[in-house]
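Open the model in your viewer and keep the selection tool at hand.

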Amino acid sequence: MRPYPSRPARRAVPAAALLLLLGAACPAVAADGEPDRDFTIEDSRVTESSGLAASRLHPGVYWTHNDSDDGPYVFAVDSRTGKTVATITMRGVGEPRDVEGISIGPDGDIYVGDIGDNLDGSWSHVWIYRFPEPKALRDATVTATQYDVKYADGARNAEALMVHPTTGRVYIASKNEDGGGLYEGPARLTTGAPNTFRRVGEVPWVTDGAFSPDGGSLVLRSYFSARVYDFADGRLGESRSVAAPFQRQAESVTYTADGSALMFGSEGAGSGVVRVEVEGGQENEGRGEKGKPAGSGSPSSGAGDAQDGDGKGNVGLGAVIIVGVGALWFALRRKRGKGQG
């Protein structure tokens, strides 16, 4: 475990925390009751939304979950209202330890990744839970299948779980200050023995990821940026940056079900989810430009605006960087604090 920051760094935290609170005071709201737009997760139980997955059966609904110390729960949130429309309790999976990712496979099953390891490799194995996406949106208890997972090159921390939408193969992106790896699971997950994931690519610091609906692209996000990679034959190709919104603790991303946009989420009570158009996506009125945040006036989308123009946004960008450093420090200390507890 790493030591805590020096006293000067600790004294800087209250100011950074104040800026974070101010930045989170006005989260995005659902616009005109339309699906797949900027929205706020209204459920007071969801304070650490750490993953997002667009429903395949229920248009405009997104599945999410809390981080650690919450229990075997998955929430369906309607992007039209920001309200939870179903709470799923998984049984048969033991006690979740550090749930960090969620994805939906071509079989219509929801995959939940209990893959976090805040001590960077202290656990010999992690878990994936799997259950069919419910056809009806109501509170329910479901029996989930639990898979043991280990890595061929040793234990590590990870926050991104992605199921390929055509092959059904599961991928995990590890998280490390010096960059992580993309890990490929076996062709089919099995119970009764560990499923070994093997490193097939190099990636930057990653807090979440998602495949496009056609499987040809993979988006990976971090606290301050996001990149979309071409993906073919199980391997990463060329990449390009995406104007990810600045968020207090940037933890999640998914494509909309039609692939026209990315939805970026954050941890925190009343956290906002921000829509960002993808290149070649629909450009309907009010939905923003290609590759840019679609929110208008949302504090979560300020970073994208600050990066554009002829220098007029430099002051705003500087403020974003200052707040961002505080946010990253806070997130890292919070994660490590959990691991020490």
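Select R169 and E184: their side chains form a salt bridge (a side-chain nitrogen of Lys or Arg within 4 Å of a carboxyl oxygen of Asp or Glu), with the closest N and O atoms 3.9 Å apart. R169 lies in the loop between β11 and β12 (170–174), and E184 lies in strand β13, 15 residues away. Strands here are DSSP runs of E, at least two residues long, numbered from the N terminus. E184 is buried at 16% relative accessible area, while R169 is partly exposed at 23%; buried means under 20%, exposed over 50%, and partly exposed in between (1.4 Å probe, protein chains only).

This is a predicted model, where local features need pLDDT of at least 70 and side-chain atom pairs count only at pLDDT 80 or more, while totals for chains, interfaces and linings use all residues. Residues are numbered from 1 along each chain as its sequence is written, and side-chain values use heavy atoms, leaving out hydrogens and water.

Next, select β13 (residues 180–184) and β14 (residues 195–203), which run antiparallel and are joined by 5 bridges; two strands pair if DSSP finds at least two bridges between them. Y183 stands opposite R199 in β14.

Finally, show the open sheet of 8 strands, ordered β6-β7-β8-β10-β14-β13-β12-β11 with mixed pairing.

Terms used
Helix = DSSP H or I, 4+ residues; strand = E, 2+ residues; numbered from the N terminus.
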